Each structure stands twice: as structure tokens, then as C-alpha cells.
Amino acid sequence: MQDDSRLIQQLKDKDERALSLLYDNYSGAIYSVILKMIKDEGKAQNLLQDTFMTVWDKADNYDASKGRFYTWVYRIAKNKTLNVLRKTDPLIQTDDFSVHTNKEDDAISIESEYLELNGAITTLEAHHKEAIELVYFKGLTHKEAHQEMDVPLGTFKSYVRQALKQLRTTYSKTISVLLLILNAL
Amino acid sequence: MDKKMLLENGLLAQYVLGELNAKDREQIEQLLASDAELKAHFDQLEADFEQLGQDNAIAPPAAVKSQLLDAIKSSASNDTKVVHLQPKNNTKWYLGIAASIAAFLLAGSFWMYNQLNDVKQQLQTVESNNTELNTTIEVLNKELQDTNTFYTAIVNPDTEQYILKGNDLLPEAKVVSYVNHKTKSVVINTERLPKLDADHDYQMWADVEGEMINMGVISKDKNLMTMAYIDHAESLNITIEPAGGNDHPTVEKLVTNVYIN
């Protein structure tokens, strides 16, 4: 989304200011994902801090040629959250590492607005939206998610593919509208 | 695994989401490194995923950040390190765009406001013109009405015309009077009456059996005017009196008279 390469180099050089700025840019999106997975504000805040501690400690492991900085942080956050869920979930099914069995029955109090989705994803058809929500915001694997939605894996994958295509169209439209407005100025 | 399979099987999405095992990851990374088209597709996908995340961002409490910064300071306390304070312009691009839109709207509002003011001013001009025209019409109407009144009085077949010619005191004077005994009206034309100074006025009298009865003071700024009609008048007389008129005529200042049949 923006050119963070200089900030990331400074992060690798252990520049606290770079960490602070990167945190400002990414903590909101990452916190949202953690919250939606774990549904507990206190735990989510600990996990967020833990995630950025790892970003600080392991910054040298990040390889920009392999993907975006956000993707890297997202994976760290997701793995840490899944680990906590596995440890605390007594219903854990070890055979497929599923951590989501009976998840919906857990009465964890959290502001419902934290679980709501915003932006382009809300314009998707319900089943497309659910597919993305499961794999992106709830941390399910494709394999878990297609069972959750009770559709064949192939169908589920095509949901994801169509949803992504739709999102792509929406985002490119938004960008061209913004460019038009900027040009008009 | 090849490119076609990668594109059709949704594996790239799973890769971005971190679902794949080490072996699959390595294969995908090799394919990405060697295929620019695939890499472009992957870049787009990642950007969209990031946008999706940013769309749904929830600001964490500020305490998390300060704890984080404290934690890294204490973990790296034995490092002596210079922190470069670089004034990097880190404003988020969408804030910039929001600001642009706001500026655009502001400029638009300002323009509309100016337009509104112009229109208001024009409306005011039109309104004052309108008032002026209305006043003119009122004045013209009044004049027309007066003129009509005089006209009907003068052209009435029952109206008789008497001419008052100036005597020795005022030989150049001439007043035409139109008397109608049926409608009991008197209209006089004073066009030929010489101007008086501000201290004096002409006054008109009717002679009824030897008594002079006031018919009214003659206005200085009108050529045609209505005077009081007096029953049984034998003659019409005009005298010069102090400004504003007199109760009794100053007979030595009589300038003209005419007998009525």
C-alpha cells in the first residue's frame, strides 16, 4: 500500500522510531484480525504486543522479495493467536489441529462491533463474504472452512476465488474514482 | 505444481494466508521468483488482502503501544544505540485523499457561497428597482387621476368658462376659471398669474350679496387647481394676501375679478 522499504530497513537496524511508525500503520488491521479470532480484548491486546515484539526481534527474517510486510505480520499474528486458542481450548481435536469446534458456543463477551466487517467485503454476496471471513478473519484453513460452511472443498475454493475477484473490481473502482477526484482538483 | 495449477487451485490465497506447509511454500516461492506474470498476480492478491485488513482496522488502546515500546527498550537496554529522528512523511495515503476530498468540498462550498452572495446582491438590486418603479407608477397614477378630474370638470357641457383679466395693479395676469353650477365645482388655470414672493399668496373670493367669501388660497406650484364652490356667487375675485391667506380680503390688493351670469 505504501513504500515502507526504508522504514523496514530501519527496523532491521533496530530503530525504535521505525517500529513505532510501522506499528501505527499496521496495528489496527492486525488487532482487528486477532480480536475476531480470539474474541477477547485482553488476550487480543497481549497477542498484539507479542506479535510486534516478534516483528522487532525477528525483523531480519523478513524478506521483502517474498511478500509484503503486512502479510508477514499477519501470519505471525495468526499463528500466535492459533497457538493460544489451541492451548486454551479443551475441545481441541488433535487429528487435524482444529481449534474451531464449538467455537460459536463460547460465550465470550466482546463488543459486537469488533466482530462486524467493514469496507468492500460488505458488498459481497453472503456466501462469498462468509468464505473470506472464515479464512481471513477467523483463521480457519480452507479445509476447516469448507466443512464449517458445509460445501465441498472445490466449491469453497471457487467462492474464495470469486470473492477475491469481486474485491479486486471494487478496489480498482475506488482507486479510479479517487484519481478522478484528485485530477478534478 | 505448476503455474496453471497455482492460479486455478486457489493455492496462492492459501499461501498468503499462511496455511501451507514448508514444502508447498518453497515450491510456490520458486515459481513466483521465476514468473513475472504470476508474481504480478500475487502482488495484487497481497495488496487486496492488505486493503481488506486495513478496511477493517480497529485501533488498539494506546497502552499496548507504550508497553511494546517499554518492552523493547528493556530488552535492548545494554545496546548503546543512536536513534535517528528522521522526519519521515508518514501520513497515510488515504488520509491525504480524505483531505483532498475535504478540500474539494470546501472549495465547492466556497464557490457556492460566492454564487449565493452574487445572487442575493442581484435580488436586492432588482428589489430596489422594483420599489422605485412602483413609486413612479404611484406618482403617475395620482397625476393621471388629478388630470382626469380636471379634464372631466373642464369638458363637462354644463361647465362655463370665465376669464379673469388683470386690472391696473397686475395687467399681465390672466386666470381662466371653469365653473359648473350643476356639479358645484370650480377649476382654475393659473398659468398666466405672475409669480409672487414667498411672503405673499393669491387668494380667491366669491362675492355673495356684497360679502366676500373665501374660495381658497391659490397654490404656487400648480397650474390647474380646484377651488371651493360657493352658492349664489355673483363674482369671482382674486387678491394678494400675506402668505397662507387671510380671513378677509384686502380690497386694495384686488388684482382681478369677473362677474358670473
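How are H2(A) and H5(B) oriented to each other, roughly parallel or roughly antiparallel? The legends below take up this point and then turn to the contact between the chains and to chain B.

The model is predicted, so that local features need pLDDT of at least 70 and side-chain atom pairs count only at pLDDT 80 or more, whereas totals for chains, interfaces and linings use all residues. Residues are numbered from 1 along each chain as its sequence is written, with chains lettered from A and ligands numbered from 1 in the order in which they are written.

**View 1. Helix H2 of chain A against helix H5 of chain B.** The axes of H2(A), residues 16–38, and H5(B), residues 62–75, come within 11 Å and cross at roughly 155°; axes are lines fitted to C-alpha atoms, for helices over the stretch in contact, and angles run from 0 to 180 degrees between N-to-C directions. The two helices are therefore roughly antiparallel to each other, a term for angles over 145 degrees. Glu16(A), Leu19(A), Ser20(A) and Tyr23(A) meet Lys65(B), Leu68(B), Leu69(B) and Ile72(B), where contact requires C-beta atoms, placed from the backbone, to lie within 7 Å.

**View 2. The side of chain A that touches chain B.** The contact takes 54 residues from chain A and 46 residues from chain B. On the side of chain A, the largest share, 13 residues, comes from H2(A), and by class that side has 29 nonpolar, 14 polar and 11 charged residues.

**View 3. Strand S4 of chain B and its partners.** S4(B), residues 200–208, runs antiparallel to S7(B), residues 235–242, and is joined to S7(B) by eight bridges; strands pair if DSSP finds at least two bridges between them. In this pairing His200(B) stands opposite Pro242(B). S4(B) is also joined by six bridges to S5(B), residues 211–217, again in an antiparallel arrangement, and Trp205(B) stands opposite Asn214(B). The hairpin of S4(B) and S5(B) has two residues between the strands, and within the hairpin Glu209(B) takes a positive phi near 50°.

**View 4. Chain B as a whole.** Chain B holds six helices and eight strands, which are DSSP runs (H or I, at least four residues, for helices; E, at least two, for strands) numbered from the N terminus.

Terms used. Angles under 35 degrees count as roughly parallel, over 145 as roughly antiparallel, 65 to 115 as roughly perpendicular and the rest as oblique. Two residues are in contact if their C-beta atoms, placed from the backbone, lie within 7 Å. Ala, Val, Leu, Ile, Met, Phe, Trp, Tyr, Cys and Pro count as nonpolar, Asp, Glu, Lys and Arg as charged, and the others, Gly among them, as polar.
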